[in-house]
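Colleague: Could you walk me through the labels on this model? I would like to hear the rule behind each of them.

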Amino acid sequence: MAAQKINEGLEHIAKAEKYLKTGFLKWKPDFDSAATEYSKAAVAFKNAKQFDQAKEAYLKEAVSHENNKALFHAAKAYEQAGMMLKEMQKHYEAIELIEKASMMYLENGTPDTAAIALDRAGKVIENINANKAIQLYQQTAAVFENEERLRQSVEMYGKASRLLVRGRRLDEAAASLQKEKSIYKDIENYPTCYKKTIAQVLVHLHRNDYVAAEKCVRESYSIPGFRESEDCAALEQLLEGYDQQDQDQVSDVCNSPLFKYMDNDYAKLGLSLSVPGGGTKKKKSPNSSQGNADGPAVTSSRGHEDEDEYAGGLC
């Protein structure tokens, strides 16, 4: 079967080359017909899993379309050549061709297709070079945003935010999450704004910036329904525990379903959050290691100390 498909591909290549030849009675190459034959050859090679030959056929198809001033079809062929390189595990070369295709889509006046190509490129490279994937997702988001396709745009910003968190680029992650939240607010998806606020607060606290975390919650009061939400109550409890160096209270909040069932990258931020001077384990707080002087809500009675810890966990 594979041999049959390879022969079929070679036949289409031979036909394409005939269409490109000129002579006494044929002054101009027939780029359109040649492109069609190269496309058929590429499909045949791909079905035979001869990805290198398929890539070459797609590249020749792309050049024929370019010579015929058919930018959209040329871009499509470059994109397909990139996907063949992906199959060959040549990811960086694949990305180059897909990016080239996206630029041609933009030049052709089809930005939506350009954005989809950039998203595809991001998926190709995400597990190999996260920084490049972040750049591609941000480019994709910007293209969608320019076209006022905000739902698609914010989805791409979300992909970038998660990769920034995963790479511990927390300053950039905070800015990216703010961009997400702003778009969700514009499209009136308020419940998702609440979730993005939680993610922002966790990022700020991992940056050791309590002031920014508190400001983030305060500014979110303007989002309809936020003050009355369980998200707001949990964040206020989290900030209180963090400010009072109460690791138990912080751990209780971060282990609640509201936090544990967020996107995995943000859930991990919650589970790994420790207060300054409070240790990293539950039940290990300044109250137990330094006495009552550092615990603002602790009385001189040991019995009351247990009560206060319990009350803090149920607050």
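Colleague: What makes Lys5 and Glu8 a salt bridge?

Modeller: The rule asks for a side-chain nitrogen of Lys or Arg within 4 Å of a carboxyl oxygen of Asp or Glu. The closest N and O atoms of Lys5 and Glu8 are 3.5 Å apart, so the pair meets that rule. By this rule the count comes to 17 salt bridges. One caution: this is a predicted model, where local features need pLDDT of at least 70 and side-chain atom pairs pLDDT 80 or more, while totals for chains, interfaces and linings use all residues. Residues are numbered from 1 along each chain as its sequence is written, and side-chain values use heavy atoms, leaving out hydrogens and water.

Colleague: Why are Lys5 and Glu8 about one helical turn apart?

Modeller: Because they sit three residues apart in helix H1 (residues 2-20). Helices here are DSSP runs of H or I with at least four residues, numbered from the N terminus.

Colleague: Why is Lys5 called buried, and what is Glu8 called?

Modeller: Buried means under 20% relative accessible area, exposed over 50%, and partly exposed in between (1.4 Å probe, protein chains only). Lys5 has 18%, so Lys5 is buried; Glu8 has 28% and is therefore partly exposed.

Colleague: How do you know that Asp119 and Lys159 form a salt bridge?

Modeller: Their side chains meet at 2.9 Å, N to O. This pair links distant parts of the chain, with Asp119 in helix H6 (residues 111-125) and Lys159 in helix H8 (residues 150-166), 40 residues apart. Asp119 counts as buried because its relative accessibility is 13%, and Lys159 counts as buried at 15%.

Colleague: And what makes Asp263 and Arg162 a salt bridge?

Modeller: Their N to O distance is 3.5 Å. Asp263 lies in the loop between helix H14 (257-260) and helix H15 (264-271), and Arg162 in helix H8, 101 residues away. With 37%, Asp263 is partly exposed, and at 24% Arg162 counts as partly exposed too.

Colleague: Which residues does Leu202 touch, and why is Leu202 called buried?

Modeller: Leu202, in helix H10 (residues 190-206), has a relative accessible area of 0%, so the label is buried. Its contacts (heavy atoms within 4.5 Å) include Leu238, Phe259 and Tyr266, not counting residues up to four places away in sequence. Leu202 and Leu238 are 36 residues apart in sequence and 9.6 Å apart in space, C-alpha to C-alpha.

Notes. Helix = DSSP H or I, 4+ residues; strand = E, 2+ residues; numbered from the N terminus.
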